[in-house]
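The exercises that follow are meant to be worked through slowly, with the sequence and the structure side by side.

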Amino acid sequence: MIVDLPSSNTSAVNRKLVEMRASGGALTMGRVLTLVIVTEDGAGIEDSIAAANSASHEHPCRIIVLARGQRKAAPRLDAQIRVGGDAGASEVVVLRGYGPLAADEAGAGMVMPLLLPDAPVVAWWPEEAPAIPSEDPVGKLATRRITDALSARNPMKAFEQRRANYVDGDTDLTWTRLTPWRALLATALDAPPFEPVTNVVVAGEAVSPSTELLAGWLAVRLDSKVKRSPAASGPGVVSVRLERRSGPVELIRPDGKVGTLRQPGQPDRLVALARREVRDCLAEELRRLDADEIYGDALAGVGRVARGRTPVKVPTLAGA
């Protein structure tokens, strides 16, 4: 069910939520958090809501979408409430602010009366994010702040802002996309012969914040020399090579879908390594509401990574 409240205010939105709750159309008893989505008003809003609705099946929540409209328009708030089949396992409140109500401070003021009492607040910027999320008016309300450098107009500039301004509680979906890579590499090194890694080469697209983070994470966790090189082909992270005395461990994904894990003395192993969708990354981030120290360490570790200029050619895979 979708209820539109044009030219409204937050008091009217709250009253409508109470009315719908009393009639049995929406329940807040099982909501575990409030997810605030901050974005510009446009076509991309529905994709963000769909991702949040999908994540809400694992994390029932109230979703507040702060959709900032035209700054030069007359002040107006158009609200919309979605419950039931239109809201996953959540209730969705869309706030479209125009004119002065599209400003950051005004947006935070509209969000505050709609936050669930005694529930954590998570802020998510699916596209452009403030340079310092922890100092943003909405970011100050949140215990966790989720950004996505890859979706910014300038991904590498956004990534450098994340590095320079990291505060406990910050995270980025470019980090969450690396979970399968980190798990596979850690598993490979947990098996015999337990030799130290002497050298690491991480290859990926020239513009790939995730590749930078993976290199930074390996530099910190392995305390080894790490070189980040461009890949001759392939999307995102393409390959990782860990040098050890007994031979290299290689994880190669040339097509963005299927990877191959190579280890000395073992047959090549195909692994599912498809590029993760936003809804899966968002659901993973909502599983923890404390600071992600490993992400902070990976950001710091990027400064220890050497740069390679020669593109790395992906090795020929078995069966290719």
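**Exercise 1: a glycine in a loop**

Task: Decide whether G169 is buried or exposed, and find which residues it touches beyond its sequence neighbours.

Solution: G169 has a relative accessible area of 3% and is therefore buried, where buried means under 20% relative accessible area, exposed means over 50% and partly exposed lies in between, with a 1.4 Å probe and protein chains only. This glycine is found in the loop between helix 4 (155-164) and strand 8 (170-172), helices (H or I, at least four residues) and strands (E, at least two) being DSSP runs numbered from the N terminus. Leaving out residues up to four places away in sequence, G169 touches T143, R144, R145 and A291, a contact being heavy atoms within 4.5 Å. From C-alpha to C-alpha, G169 is 8.2 Å from S134 in space, although the two are 35 residues apart in sequence.

The model is predicted, so local features need pLDDT of at least 70 and side-chain atom pairs count only at pLDDT 80 or more, while totals for chains, interfaces and linings use all residues. Residues are numbered from 1 along each chain as its sequence is written, and side-chain values use heavy atoms, with hydrogens and water left out.

**Exercise 2: the chain as a whole**

Task: State how many helices and strands the chain has, and what percentage of its residues count as buried.

Solution: Begin with the secondary structure, which comes to nine helices and 15 strands. Next, of the 320 residues of the chain, 52% count as buried. The C-alpha atoms fill a box of roughly 70 × 35 × 35 Å when taken along the principal axes. Finally, among the contacts in the chain with a separation of 6 or more, 73% are accounted for by residues 24 or more positions apart.

**Exercise 3: the aromatic cluster**

Task: Find which residues form one aromatic cluster, and describe how the rings are arranged.

Solution: The structure holds two aromatic pairs, and a pair requires rings of Phe, Tyr and Trp (its six-membered ring) with centres within 6.5 Å, planes under 30 degrees apart counting as stacked, over 60 as edge-to-face and the rest as tilted. Y166 counts as partly exposed at 23% relative accessibility, whereas Y295 counts as buried at 1%.

W175 and Y295 also form a pair, this one tilted, with 5.9 Å from centre to centre and 45 degrees between the planes. Because W175 lies in helix 5 (residues 173-176) and Y295 in helix 9, the pair ties together parts that are 120 residues apart in sequence. W175 counts as buried, at 2% relative accessibility. Taken together, Y166, W175 and Y295 form one aromatic cluster.

**Exercise 4: how helix 9 is packed**

Task: Work out at what angle helix 7 and helix 9 pack, and which residues make the contact.

Solution: Two packed helices are described by the angle between their axes and the distance between the axes. Helix 7 (residues 209-222) and helix 9 (residues 293-301) pack at about 95 degrees, with axes 7 Å apart; axes are lines fitted to C-alpha atoms, for helices over the stretch in contact, and angles run from 0 to 180 degrees between N-to-C directions. Helix 7 and helix 9 are therefore roughly perpendicular to each other, a description that covers angles from 65 to 115 degrees. On helix 7 the contact is made by L213, G216, W217, A219, V220 and R221, and on helix 9 by I294, Y295, D297, A298, L299 and G301.

Within helix 9, the buried residues are Y295, G296, A298, L299 and G301. What covers these buried residues includes helix 4, strand 8, helix 5 and helix 7.

How values were computed. Angles under 35 degrees count as roughly parallel, over 145 as roughly antiparallel, 65 to 115 as roughly perpendicular and the rest as oblique.
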